[in-house]
Amino acid sequence: MSDFGPALAALLADSHTLAPGQVPAAVDRTARRLGMTSATVYLADVQQKLLVPLTGSPAPGTAAGKAGSGKTNENPAEDWTGADGGARPLAIDATLAGWAYRTLSRRLATTPRLTVWLPLVDGIERIGILRITADQLTADLLERADALAALTALLAISKFASSDLYSRVTRLRPMTTAAEMVWAFLPPRTIGTRDVTSSAVLEPAYEIGGDAFDHGLDNGMLHVTVVDAMGHDLASGLSSAIALAGCRATRLAGGTLADIAATIDHELDRWLPGRLLTGIFAHLDTTTGDLDWVNCGHPPPLLVRAHHVVPHALEVRAELPVGLGHDRTRPYTVHRTRLEPGDRILVHTDGITETRSRTGELFGEGRLADFVTRSLAAGEPAPEALRRLIHTVLDHHQGPLRDDATLLLVEWHPDAQPPATS
């Protein structure tokens, strides 16, 4: 058996010139050098329902293979054929692999062969699973497998931007042009540090038009944006793209939250007159817990404290939606509150609460608050709580959503250890 370090170093050295499609085979070769019998990479699909093998490809005429047809299969896993005739998609909600993905922990199976499922994580963003098989399981082998999983995640992420392969694998049907444009602007769904986590989901993933989110970390500050553009067409997607670009450009130039709202309002009024957009623009000081935000015609965020929603905590007099041509002599109002350690902020668009069942029953803010508080009280991490919540919204509607639905959850969990003193 080769030493631990050289095998991983060789994979890292080869990674610079590996074609995206060569990554799975390179990972498998490295696993064998580390004393394992095989390694298979699975990526979560865009809706986080399936773990799709990176070695596989959709059969012609199937859900993922009908590019441009717009037709889908209710169970795309049934139509999948792996490149080697073996690996198939695995349901996130009904398999050991899915359990490892949901809980970010190893899972072991002993039949039909000794198998270890390890989460693939980029920072704190989960992207898939690594399946390892071996003849025997030892503490040393688990350590090697953990290291290989960490490196595999880095390799996959490094190749995402330069290849269509990963998008083809993680998409089970075609996207609209508007959705393609919005997804191109979106950051990773989950970011964070030991002090703060921010996670987001949005649907309908393949047809989003007006919703978008942004979050970013900078020197002890978390920036959060959620926007909802009027309509559900290409112009709506363009409005959202302008909003995210204006937000980032202003933020990077040192602008304030009020400046961000003013910039987006000006750009929309100039380039897409008549197009309106609601939004929440916020900054969280991850050291002090100070939360500043501007609300432009958007549903107020929810404050979850000690597993309960604090009534009306973040309800303020909202500004008008952006795009109307704001009176520049009157600055946007920036509101402030101080969070307590453990607080969560849930930002949502009205597509969540206004989703209706077939009988006309609204999903509603009460159902939203109840689901979130119960999930967090059960100890679910933010990404998993949101994944299950958005699927609950889809199940409630029982069909394609008529409006975009977006959720973003911020958790402030500062380090409880006192700072070292000299």
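Start with Asp146 and Arg106. In this predicted model, their side chains meet in a salt bridge, at 2.5 Å from N to O. The pair links distant parts of the chain, 40 residues apart. Asp146 sits in helix H4, residues 139-160. Arg106 lies in the loop between helix H3, 96-103, and strand S6, 107-109. Buried or exposed? Asp146 is partly exposed, because its relative accessibility is 30%. Arg106 is partly exposed too, with a relative accessible area of 38%.

The count of salt bridges comes to 22. Let me pick out another. Arg126 pairs with Glu384, and their closest N and O atoms are 2.9 Å apart. This pair also links distant parts of the chain: Arg126 is in strand S8, residues 125-133, and Glu384 is in helix H11, residues 382-397. Arg126 and Glu384 are buried.

Glu384 has a further partner. Arg387 meets Glu384 in a salt bridge, again given as 2.9 Å, N to O. In general, an α-helix has 3.6 residues a turn, so residues three or four places apart point the same way. Both Arg387 and Glu384 are buried. Which residues does the network take in? Salt bridges with shared partners join Asp93, Arg126, Glu384 and Arg387 into one network.

Back to H4, the helix that carries Asp146. H4 has 22 residues. From first C-alpha to last it reaches 32 Å, close to the 32 Å expected at 1.5 Å a residue. Its buried residues include Leu141, Leu142, Leu148, Leu151 and Leu155. Arg144 and Lys159 are also among them. What do the buried residues of H4 pack against? They pack against helix H1 (4-15), helix H2 (23-33), strand S1 (38-44), strand S7 (115-122), S8 and helix H5 (165-170).

Take the H1 contact. The axes of H1 and H4 come within 11 Å and cross at roughly 5 degrees. Angles under 35 degrees count as roughly parallel, and H1 and H4 are therefore roughly parallel to each other. From H1, the contact uses Phe4, Leu8, Leu11, Leu12 and Ser15. From H4, the residues include Glu143, Ala147, Leu148, Leu151 and Leu155.

Now the sheet. It is open, with six strands in the order S9-S10-S19-S18-S15-S16 and antiparallel pairing. The edge strands are S9, 190-192, and S16, 308-309; each pairs on one side only.

Work in from S9. A hairpin of three residues joins S9 to S10. S9 and S10 pair antiparallel over three bridges, and Gly192 stands opposite Thr197 in S10. On to S10 and S19: antiparallel, over eight bridges. There, Val196 has Trp412 in S19 as its bridge partner.

How covered is S10, residues 196-203? Eight of its eight residues are buried. Both faces are covered. Val196, Ser198, Ala200 and Leu202 are buried on one side. Thr197, Ser199, Val201 and Glu203 are buried on the other.

At the other end, two bridges join S15, residues 302-305, to S16, and these strands run antiparallel. Val304 stands opposite Val309 in S16. Which helix packs on the sheet? H10, residues 364-377, touching S15, S16, S18 (344-348) and S19 (405-412). The direction of H10 makes about 30 degrees with that of S15.

Methods:
Residues are numbered from 1 along each chain as its sequence is written. This is a predicted model: local features need pLDDT of at least 70, side-chain atom pairs count only at pLDDT 80 or more; totals for chains, interfaces and linings use all residues. Side-chain values use heavy atoms; hydrogens and water are left out. Two strands pair if DSSP finds at least two bridges between them. Helices (H or I, at least four residues) and strands (E, at least two) are DSSP runs, numbered from the N terminus. Contact means heavy atoms within 4.5 Å. Axes are lines fitted to C-alpha atoms, for helices over the stretch in contact, and angles run from 0 to 180 degrees between N-to-C directions. A salt bridge is a side-chain nitrogen of Lys or Arg within 4 Å of a carboxyl oxygen of Asp or Glu. Buried means under 20% relative accessible area, exposed over 50%, partly exposed in between (1.4 Å probe, protein chains only). The expected span of a helix is 1.5 Å times one less than its number of residues. Angles under 35 degrees count as roughly parallel, over 145 as roughly antiparallel, 65 to 115 as roughly perpendicular and the rest as oblique.
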